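These are short notes for a colleague reading the model alongside its sequence.

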Amino acid sequence: MPHKVENFLESDAFFVAVLHCAREMLSIYRESPRIASIFAAQQRWLMAHAGFALHFGYPGEPKLGLYSGRFIAFVVANKIASRNTAAAFIQEMRAYRFLRPVESTSDKRTRLLEPTETAHEHFFRWLTTHLLILDSLDGANRLDRFNADPSAFSKLQPLISKAIIDSDAVRDPGATYNLFNWANSGGLIMDYLMSRIGNFDRTSDRAYIGPLSLKEIRDQFMISNTHLKRLLTQASEMGSVGWTQPPYKGDTWLSRGFVMEYWGYQAAKFAVVDAAAEAMLGPAARKAASALISSAVP
């Protein structure tokens with residue numbers, strides 16, 4: 001049986017693993033800011049998942065194949081973005097060479113698109129990072145079995161995509177999470193804030209993460225000073241972020257509610273990945289159930 005969201009919410013080891021995942025996502029961003037920017041806001045992240053899944057074959061859809069009209073209709077129907085935003089995303093992905101036209105197609109009226117090797121590589125890394133973290137928690141071998149099957153990525157990604165798109169817990173985990181994750185670069189900034197947490201006591205009202213350099217955040221995530229301050233001010237007004245010497249001075253703290261929203265989102269997402277992996281790879285041989293609670297990513 002795949003892990004349930006409740007298992008992850010009760011596991012301190014899982015939250016340690018989540019922080020490791022946040023640091024890994026930041027590492028991917030630093031290596032390739034342009035492609036990692038796709039994951040920097042939820043709307044773009046969902047559209048990227050949708051595009052890959054349509055290319056591979058979206059579960060329940062009668063046909064496979066990615067083309068502009070189909071992508072736009074799908075994004076609008078699933079309330080991910082407007083028609084104009086979806087069309088602009090496709091054009092941007094082509095301009096950045098993350099998508100390209102398929103060389104030949106039997107239907108000359110439809111110009112199919114496919115993800116490039118660069119897009120495949122980074123999406124593959126996102127998925128293998130999540131499988132590795134799941135394995136580190138329960139001692140299973142999802143990643144080894146995944147790597148042993150050349151077709152595993154094309155089979156697993158659509159299952160994850162559909163479950164994510166259908167999940168309210170992933171798409172709407174809470175007000176502060178949504179504030180960050182729907183803003184340009186906001187998802188990365190949120191990962192950065194969370195990645196600075198050392199030990200988190202869920203009974204504490206706040207998690208202190210030390211002083212922040214707004215200049216470092218601006219330079220790292222290519223966000224304007226106005227946009228960054230507006231984002232942090234809104235979070236502060238919600239009681240989710242604050243400073244011992246406001247504004248923006250002294251140690252920064254994150255509210256327990258904000259941290260738990262992030263934890264809840266990650267729990268829902270990892271449960272989706274785990275369930276999809278089990279559906280595609282078969283049940284994983286795990287260590288004792290207590291391993292999820294007692295183990296942690298170094």
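1. How many positive and negative side chains does the chain have, and how far apart do the centres of the two sets lie? There are 33 positive and 29 negative side chains. The centres of the two sets are 6 Å apart. Please keep in mind that this is a predicted model.

2. On secondary structure, the chain holds 16 helices and five strands.

3. On overall dimensions, the radius of gyration is 20 Å, which agrees with a compact globule, because a chain of 298 residues would then have a value near 19 Å. The C-alpha trace spans about 65 × 50 × 30 Å along its principal axes.

4. On burial and surface, 52% of the 298 residues count as buried, that is, under 20% relative accessible area. The chain exposes about 13600 Å².

5. On contacts, consider the pairs of residues at least 6 apart in sequence: 70% of their contacts join residues at least 24 apart.

6. On strand pairing, strand 4 covers residues 241–245 and strand 5 covers residues 249–255. The two pair in the antiparallel sense, over four bridges. G242 has W253, in strand 5, as its bridge partner.

7. Which residue in the turn between strand 4 and strand 5 has a positive phi? Y248 does, at about 65 degrees. The two strands form a hairpin, with three residues between them.

Definitions and conventions. Residues numbered from 1 in each chain as written. Predicted model: local features only at pLDDT ≥ 70, side-chain atom pairs only at ≥ 80, totals over all residues. Heavy atoms only, no water. Rg over C-alpha atoms; globule rule 2.2 N^0.38 Å. Buried < 20%, exposed > 50% of the residue type's maximum accessible area, 1.4 Å probe, protein only. Contact = heavy atoms within 4.5 Å. Areas by Shrake-Rupley, 256 points an atom, 1.4 Å probe, with all protein chains shown as cover. Lys, Arg positive; Asp, Glu negative; His and termini not counted. Charge placed at Lys NZ, Arg CZ, Asp CG, Glu CD. Pairing = 2+ DSSP bridges.
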